[in-house]
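I opened my notebook to look up a few places in one structure. The entries follow in the order I made them.

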Amino acid sequence: MNKTIIITGGAGFIGSHVVRLFVEKYPEYRIVNLDGLTYAGNMENLKDLESQSNYLFEKGDIVDAAFIENIFKKYTPDAVIHLAAESHVDRSILDPLAFIHTNIIGTVNLLNACRTGWKDNFEGKLFYHISTDEVYGSLGADGLFTETTAYDPRSPYSASKASSDHLVRAYLHTYKLPVVLSNCSNNYGPNQFPEKLIPLAINNIKNMQPIPIYGKGENIRDWLYVGDHATAIDLIYNNGKVGETYNIGGLNEWKNIDLIKMLCEIMDNRLDRQAGTSAGLIEFVKDRAGHDMRYAIDASKIKRELDWEPTVTFREGLEKTVDWYLANQQWLDNVLSGDYSKYYDQQYKKR
Ligand code: NAD
Ligand code: DAU
């Protein structure tokens, strides 16, 4: 094994796609998936990798500094790709503190472990921080987020991610820690926890349950298929310039209501239902507090410098996603047991 990479949050949605890509593409690298297995982490996501000799799993909390220090001693990694986070905006509105702990303290623990573990000798080392477009705030009808857009986070989630981005850059400037960052738009695809709009809607449509749309459904997001995000992360890991930030986006803006209508049409087709059946489940509910109106990414820098662009069209990606959820009922049953119904009632019952 000529390199060791720790990937945090590898049992989650995006992390599991990144871990699979790296394990399969780099058999000569040792890939360590470090994950605390919160409600969002799921060993099922990587079951197919368990027998791979270059794949290892460590369960632990990034908020636990001593644990992180020991992991660094055990593996002396060459790089960290940091995805572990509390990631759902609605949960951050219900319980902000969990986001402060994991997203801010957890990130600082990893940065400190890099400094200590690498003994301030950073030759060939890299800390790659995965972040979100939500740090830039909310757009009106026009404009795009670029890498130089001023930060303006507006939810506890985005504020905690913005905070972690600032800390990562502070470690570059203060300690010369080699870091790189990317800020991505909304991901969708297989393995996403059904608290986020697309998998929640798929699950509800499947079960003929109401599809809750916040406000009037006019908010806009820029959707990217998760596999395209993983390839962007691979490119940035290999060819990104230390100290730089890369915005990653789908060039694919959709109003929530239009997205849901397309999803309903795909589901009617896949489930042999009469056209319009699923759309009949749409229910407009009380808006999310502080709901950001529009996100949209200018992804020209990553295209220009690293020749990356999305490869999966939205319709194709949604169809693949629907097919995956329909084919993986056991995965859904497992994640829907546990605390899901408690969360669902708390979030949606009084809306
Ligand atoms: P996710 O919620 O699906 O997965 C998060 C993972 O982190 C889980 O496996 C969980 O167990 C783990 N984790 C959480 N707290 C932890 C802790 N204290 N210690 C160790 N592990 C912990 O998240 P995701 O949607 O895959 O997002 C991954 C990263 O990408 C996050 O940093 C998120 O901010 C960022 N991001 C997500 C999107 C998106 O659309 N989902 C878009 C841009 C950026
Ligand atoms: O932009 C990147 C971000 O995208 C990531 O950083 C976050 O981790 C990820 O969760 C996502 O945040 P959003 O809040 O945009 O995603 P979510 O799927 O929760 O919501 C998408 C849109 O759909 C948003 O406008 C809110 C709306 N929505 C969401 C849910 C869960 C509804 O109308 N009804 C719902 O039930």
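**Entry 1: ligand 2**

I began at ligand 2 and found a polar side-chain atom of D133 at 2.5 Å from one of the ligand's oxygen atoms. The model is predicted, so I noted its limits: local features need pLDDT of at least 70, side-chain atom pairs count only at pLDDT 80 or more, and totals for chains, interfaces and linings use all residues. Residues are numbered from 1 along each chain as its sequence is written, chains are lettered from A and ligands numbered from 1 in the order in which they are written, and side-chain values use heavy atoms, with hydrogens and water left out.

I looked at two more side chains here. Y157 has an N or O atom in its side chain 2.6 Å from an oxygen atom of ligand 2. For N256, the corresponding side-chain distance to an oxygen atom of ligand 2 is 2.9 Å. I then looked up the cover: ligand 2 alone exposes 680 Å², and the protein buries 95% of that. These areas come from the Shrake-Rupley method with a 1.4 Å probe; for residues, only the protein chains shown count as cover.

Which residues come nearest to ligand 2? I listed D133, Y157, R288, H291 and Y348, out of 24 residues around the ligand. A residue counts as near if one of its heavy atoms lies within 4 Å of the molecule or strand. The shell holds nine nonpolar, eight polar and seven charged residues. Here Ala, Val, Leu, Ile, Met, Phe, Trp, Tyr, Cys and Pro are nonpolar, Asp, Glu, Lys and Arg are charged, and the others, Gly among them, are polar. The largest share, three residues, comes from strand β8. Helices (H or I, at least four residues) and strands (E, at least two) are DSSP runs, numbered from the N terminus.

**Entry 2: ligand 1**

I moved on to ligand 1. I counted 28 residues around it, and I14, D35, S87, Y157 and K161 are the closest. D35 has a polar side-chain atom 2.6 Å from an oxygen atom of ligand 1. The side chain of S87 has an N or O atom 2.7 Å from a ligand oxygen. I62 uses its backbone: a polar atom there is 3.0 Å from a nitrogen atom of ligand 1. Alone, ligand 1 exposes 830 Å², and the protein buries 96% of that.

β5 gives the most, three residues.

**Entry 3: helix α8**

I checked α8, residues 256-270. Its 15 residues reach 21 Å from first C-alpha to last, close to the 21 Å expected at 1.5 Å a residue. The expected span is 1.5 Å times one less than the number of residues. Its buried residues include N256, L259, L263 and M267. Buried means under 20% relative accessible area, exposed over 50%, partly exposed in between (1.4 Å probe, protein chains only). Their cover includes α6, β8 and α10. Just after α8, D272 takes a positive phi of about 55 degrees.

**Entry 4: R294**

Is R294 buried or exposed? R294 is buried, with a relative accessible area of 5%. I found R294 in the loop between β12 and α9. Its side chain makes a polar contact of 2.7 Å with the side chain of E253. A polar contact is a pair of N or O atoms within 3.5 Å; within protein, one must be able to donate a hydrogen and the other to accept it, and residues adjacent in sequence count only if both atoms are side-chain atoms. The R294 side chain also reaches the backbone oxygen of G140 at 2.9 Å.

Technical notes: Contact = heavy atoms within 4.5 Å.
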